[in-house]
Amino acid sequence: LGLLLYHCIPHFRKRALSNLALAKTLKLTNPQIRKLAKESFQNLCITCLEYPKLASEKNIHRLVTCENPELAQSYIDRGQGVIFFCGHQANWELLFIEGTSRMPGVAIGRPIKNPILYKWVKKIRQSQGGTIIEPKNALKEGLRALRQGKFLGIVGDQGMPESSYSYPFFGTRAFTTTAPALLAQRTGAPLITATIVRQKGRYSIHYSNPIDPNQDTHALMDAALKHLEASIAKHP
């Protein structure tokens with residue numbers, strides 16, 4: 001299905017190819033760029049087709065495991081909030097679903113335009129007891145959750161050309177939000193980058209070491225994005 005979409009939707013194919021070409025530090029050849037673009041389409045289709053599986057799965061740990069949950073868990077056990085920063089890797093939904101199977105948490109999620117589909121997807125995301133908050137309520141509800149000792153999940157790899165902050169992502173300036181760093185500074189909550197990879201039909205989550213919130217906003221974001229960039233470089 002992914003290969004079919006790659007060949008039938010030229011607009012998205014060109015976007016995937018151009019974005020990979022902009023990833024200068026990966027030093028990809030043209031055949032490698034085409035191969036990764038096709039695999040990107042396949043990854044997206046696999047993720048979409050897994051939603052029914054996630055809706056019916058009773059034991060989420062049959063699908064996904066976290067390699068090193070102890071340190072992040074220790075903050076929550078002490079009643080201190082944690083900010084998880086992540087991107088759209090592999091099946092990104094599992095980051096929140098697996099996390100809330102172990103810890104109380106909320107995540108910022110943009111609603112899908114189709115209300116029936118969004119209700120179903122939201123139910124899957126909240127299946128382990130977590131809560132999805134909409135962007136318009138993100139600051140207020142995110143701060144409340146952190147002060148209650150919960151974790152806050154932010155999928156922060158969306159492009160924001162109007163932002164004052166940019167990171168040299170794979171050698172090309174990418175403008176994105178500073179919200180994770182600002183929330184960490186305001187609450188004192190540690191900022192942790194969560195990454196996920198698919199391996200033979202199963203998923204593995206890894207948490208970075210906590211990033212100290214007592215530093216410059218841009219330095220905080222640089223550290224978080226550096227972890228995400230390194231993970232993508234291993235599994236582009």
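Predicted model: local features only at pLDDT ≥ 70, side-chain atom pairs only at ≥ 80, totals over all residues.
Residues are numbered from 1 along each chain as its sequence is written, and side-chain values use heavy atoms, leaving out hydrogens and water.

**Helix packing**

Two packed helices are described by the angle between their axes and the distance between the axes. Axes are lines fitted to C-alpha atoms, for helices over the stretch in contact, and angles run from 0 to 180 degrees between N-to-C directions. Helices (H or I, at least four residues) and strands (E, at least two) are DSSP runs, numbered from the N terminus.

| Helix pair | Angle | Axis distance |
|---|---|---|
| H8 (residues 138-147) and H9 (residues 179-187) | about 45 degrees | 11 Å |
| H9 and H10 (residues 217-234) | about 120 degrees | 8 Å |

The angle makes H9 oblique to H10; angles under 35 degrees count as roughly parallel, over 145 as roughly antiparallel, 65 to 115 as roughly perpendicular and the rest as oblique. Pro180, Ala181, Leu182, Ala184 and Gln185 of H9 make the contact (heavy atoms within 4.5 Å) with Thr217, Leu220 and Met221 of H10. These residues comprise six nonpolar, two polar and no charged ones. Here Ala, Val, Leu, Ile, Met, Phe, Trp, Tyr, Cys and Pro count as nonpolar, Asp, Glu, Lys and Arg as charged, and the others, Gly among them, as polar.

H8 and H9 are likewise oblique to each other, and H8 passes H9 in a right-handed crossing. Leu139, Leu143, Leu146 and Arg147 in H8 meet Leu183, Arg186 and Thr187 in H9. By class, the contact of H8 with H9 has four nonpolar, one polar and two charged residues.

**The sheet**

An open sheet of seven strands has the order E1-E9-E8-E2-E5-E3-E4, with mixed pairing; two strands pair if DSSP finds at least two bridges between them. Strands E1 (64-66) and E4 (131-133) stand at the edges with a single partner strand each, so one side of each is left without a neighbour in the sheet. From one strand to the next, the twist averages 25 degrees.

E1 pairs with E9 (residues 202-207) in the parallel sense over three bridges, and the bridge partner of Cys66 is Ile205 in E9. E3 and E4 also pair in the parallel sense over three bridges, with Ile108 opposite Ile133 in E4.

Definitions and conventions:
Left-handed = near helix turned anticlockwise from the far one by under 90°.
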